[in-house]
Amino acid sequence: MQLEVTSQLPETVKADALFLPVYEGTLGHVAARMDRELKGQLQSFISLEEFHGKYGKFMTTSYNGTLRRVILVGLGKKDELTEDKLKKIFGSISRLAREIKTKKIAVALDDLQGDETNLGNIAAQGLLLGNYRYDLYKTQDKDNIPVDTAILLTEKKVQAGVKEGIIIADSMIIVRNLVNTPSMIKVPVYLAQEAKKICKEAHVSIDIYGREKIGRMGMHGLLAVNAGSVNEPQFLVMEYRPRNPRKKIVFVGKGITFDSGGLGIKPGKNMLTMKEDMTGAATVIALLRAASLLKLPYHLIGIAPLTENMPGNNAYKPGDILKTYNGKTMEILHTDAEGRVILADALGYASALKPDVIIDLATLTGAMVIALGTCAAGVMGNNDVLAQQLVAAGKATGEKVWQMPLYEEYDEMIKSDVADVKNLGSWDGIAGGLTAAAFLKAFVDEKIPWAHLDIAGVSFIDKDEGYYCKGGTGFGINLLLEYLRNLE
Ligand code: BES
Ligand code: MN
Ligand code: ZN
C-alpha cells in the first residue's frame, strides 16, 4: 500500500472512499465541512442509536462528488481512546476498505487529537498492518484485494511519523511472513538466508554458523535438539552498531522452525500451529532491522539459534545429559521442552558478550498461554527494574506484558540428580512457565540484568482483529522499540 500525505480539502479528494473519524457524539471540523456537502446526513448519523460515534462502529453513505463513499468511523469517547485503540481503528479501516473492494482510500486525520509524529506513526502502522494478508499461495481469492493507496488528509506535519510507522509496520510484516511461512519451506538454512537478506538491506551485519561451528563452540543443547532432524541447524549473530552507542544490549530469540515435540511428540491439535515456534528469532531479526533504519543510539546484538525439533532416528532422548556453551550441564526429561535447551546455549553465548542487558523472546510454554491468554506476554528475569521497564513499554504500546515471579522455589524444582539442572519442573505442569524461566536463569550471568519474554500466547492469532490478521502478529517490535526509546 502506498501512503500519500496531502492537505487537500476532503470534498475535492479523488478516492473510492473517504473515512472520517469522529469522537462519540460530535462531528469534528473536517467531518462538519463534509456534512455541509452531504446536507446534514452525517450529523443525523451521530444521533442514530446504532452509531453515535461509538468505538469501532462504521457508518457509510454515498456521495456523488469526487468520492463514491463517505464513511464515518466511530472513535468512542475522547478520553478513552488510547494510541493502541486508535491503531486498531486504522487497521479496521483497511479491512473494511478491502471488504468493499476500494483500491484508493482517503482518511481525514485533522479531527484527531494528538502529537503529529505519533499520529503519522499510528496511522501508517494501522493502515499497513490492517491491509496485510498472507495469501501467497491462494490462486483464487478475488474478493480479498489489498488497498493500493491510502491518502492521509491533513495539515499537520505527519511525514516523519509516517516514515517511522512504515519502517515499524514493514518490520512487523517481515515477522508475520516468516512466521506464516510453512515449516516445509522455512528450514533453518532458509531462515538464515532470509535473515541475511533482511540484514543486508538494513545495514545490519550478520554471521551465520552451521553445524560444525556450533559443535566446535560446544553448543550441545542446540545440537541435541537438532539431532532428530534432517535439516542442518544454524546459529545467527546479528549486530547493529551506531557510532558512540550508549549501551550494549543483546536480544535472543527462540528459533524452532517446527516443534513436533520430538520423541515426546505432540498430539495433532497442539502441533498444528508449531510453525510459529520461531517467532522469537524472527522478532529479533526484524527488531535489529527496525532499530538500524530508525538509527537508534544503542549497540544491539541479535542472537538466534535455529533448528527443527523432530523425532528422527537420531533424536535426543529423555535421560540424555548435555553440556552447554558455558559448561553447565542439563538432564533431558522431556524432549518437548526444547526451547529452553537451545536457549541455554544462546544465553550462555549472550552472557559471554558482557552486554549491559539481555532480553530473550521465546514461544516457550503453553503454561504461559493458560496463565495470560492471548493478550499479554509474561516477563520474568533477574532484575525487577528491567522487567518493569518492559511492563511500562507494554502499557504505552498496547503490546501488553505482565510480570510473573521467579521465586527460589522454582530453582529447586529444576534441580537434577545427575546434572546441574533438568529441563522439566513437574509432570503436572505446575508453574510451567516459571520453572522454564528458572531454567533459563541458570545459563545467564547473574551480574547482567536479564529479562525473558514468554510470547507463546501473543505470537499467533486465530482471528482477524484490529490491525492483526489470522496468523503471526508481529508482537514485540513496538514493545522493544519503546523500551529502547525510553532508556536513560
Ligand atoms: N513451543 C512450545 C510452547 C508453545 C505452546 C508455544 C503453545 C506456542 C503455543 C514449547 O516448546 C513446548 O512444547 N512447551 C511444553 C513444555 C512442557 C513439555 C514442559 C508445553 O508448554 O507444553
Ligand atoms: Mn516443545
Ligand atoms: Zn517449542
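These legends walk you through close-up views of a predicted model. Residues are numbered from 1 along each chain as its sequence is written, while chains are lettered from A and ligands numbered from 1 in the order in which they are written. Local features need pLDDT of at least 70 and side-chain atom pairs count only at pLDDT 80 or more, with totals for chains, interfaces and linings using all residues; side-chain values use heavy atoms, leaving out hydrogens and water.

**View 1. The manganese ion (ligand 2) and its donors.** Asp 259 (OD), Asp 336 (O), Asp 336 (OD) and Glu 338 (OE) coordinate the manganese ion (ligand 2) at 2.1 to 2.2 Å. Donors are N, O and S atoms within 2.8 Å of the metal (3.2 Å for Na, K and Ca), and sites may look incomplete because water is not among the atoms. The angles among the 6 donor atoms run from 71 to 170°, and the site is irregular. Asp 259 belongs to strand E10 (residues 255–259) and Asp 336 to the loop between E13 and helix H11 (339–352), so this pair ties together parts that are 77 residues apart in sequence. Helices (H or I, at least four residues) and strands (E, at least two) are DSSP runs, numbered from the N terminus.

**View 2. The zinc ion (ligand 3) and its donors.** Here the protein donors are Lys 254 (NZ), Asp 259 (OD), Asp 277 (OD) and Glu 338 (OE), which lie 2.0 to 2.4 Å from the zinc ion (ligand 3). This site is octahedral, with angles of 78 to 174° among its 6 donor atoms. Six donors count as octahedral if opposite donors are over 155 degrees apart and all others between 65 and 115; four count as square planar by the same rule, or as tetrahedral if all angles lie between 85 and 135 degrees, and anything else is irregular.

View 3. Asp 259 bridges the zinc ion (ligand 3) and the manganese ion (ligand 2), which are 3.2 Å apart. Asp 259 is buried, with a relative accessible area of 3%. Lys 254 is buried at 2%, and Asp 277 is buried at 2%. Buried means under 20% relative accessible area, exposed over 50%, and partly exposed in between (1.4 Å probe, protein chains only).

**View 4. An open sheet.** The 3 strands follow the order E12-E13-E17, with mixed pairing. Strands E12 (321–323) and E17 (421–422) stand at the edges with a single partner strand each, so one side of each has no neighbour in the sheet. E12 pairs with strand E13 (residues 329–331) in the antiparallel sense over 3 bridges; two strands pair if DSSP finds at least two bridges between them.
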